[in-house]
Amino acid sequence: MARRPAPPSASPKASAPPQATAKKGRAKANLRAASAPAASRKRTRGSSQRVDVREWASGIRLSAFSVIMLSLVVLGAWVLVPTLGTFIDQRQKIAALEASVKVSEDEIADLIAERERWSDPAYITTQARERLYYVKPGEVVYLIDNDLDPSALPREQDPISATLEEKPADWMPQLLRTLVSTGLSDTAAVVP
């Protein structure tokens, strides 16, 4: 927007052109504005500085086009934000439903494979023998319970060490002792 010219003043310098007077007036105002904060700083040390909002607001110039465009942006945001939120919610629901459909399809594929296995007579026979302990006529079934004493069960092997140890030993007497003890024992020992 264009500035209005300053009204003529009643001072003796009225004969100067209005533009020159306006420029001189602005220069004086700028000098006063520049010196005023320094003076106010000296006076108000320790207290908070005051900002003249009218001076700041007078520096803002808005045209009608700027106001219209700003209002259109605000209106667009007001219209689009709820729509955008709804869109994001629907996309999340669609993703969750697609995942559940995928899980259901996997379950259906597993059930179809299970149904095809149950149509095989060999599979049915195997399941009847393993699950229900069915036998064909003339067969003898032996069920073995693990009723051994835990101390009679073989020990679990210790982990193998990473270091190599060499023990000095004379192998001939050890071989002779092993042969004698094996020949004289009453029961056979199972070597793991």
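# Burial and helix packing

Me: What share of the protein's 192 residues counts as buried?
Reply: This is a predicted model: local features need pLDDT of at least 70, side-chain atom pairs count only at pLDDT 80 or more, and totals for chains, interfaces and linings use all residues. Numbering starts from 1 along each chain as its sequence is written, and side-chain values use heavy atoms, leaving out hydrogens and water. Buried means under 20% relative accessible area (1.4 Å probe, protein chains only). Of the 192 residues, the buried share is 2%.

Me: In what order do the elements run from the N terminus?
Reply: Helices are DSSP runs (H or I, at least four residues), and strands are E runs of at least two. The protein has five helices and zero strands. From the N terminus, the order is α-α-α-α-α.

Me: How far apart are the end C-alpha atoms of residues 60–81?
Reply: The unreviewed UniProt entry places a "transmembrane region" there. Such annotations may be inferred rather than shown by experiment. The stretch is 82% helix and 0% strand. Its end C-alpha atoms are apart by 29 Å.

Me: Which residues of helix 4 meet helix 3?
Reply: Contact means heavy atoms within 4.5 Å. Helix 3 brings Glu114, Arg117 and Trp118. From helix 4 come Tyr123, Ile124, Gln127 and Arg131.

Note on methods:
Buried means under 20% relative accessible area, exposed over 50%, partly exposed in between (1.4 Å probe, protein chains only).
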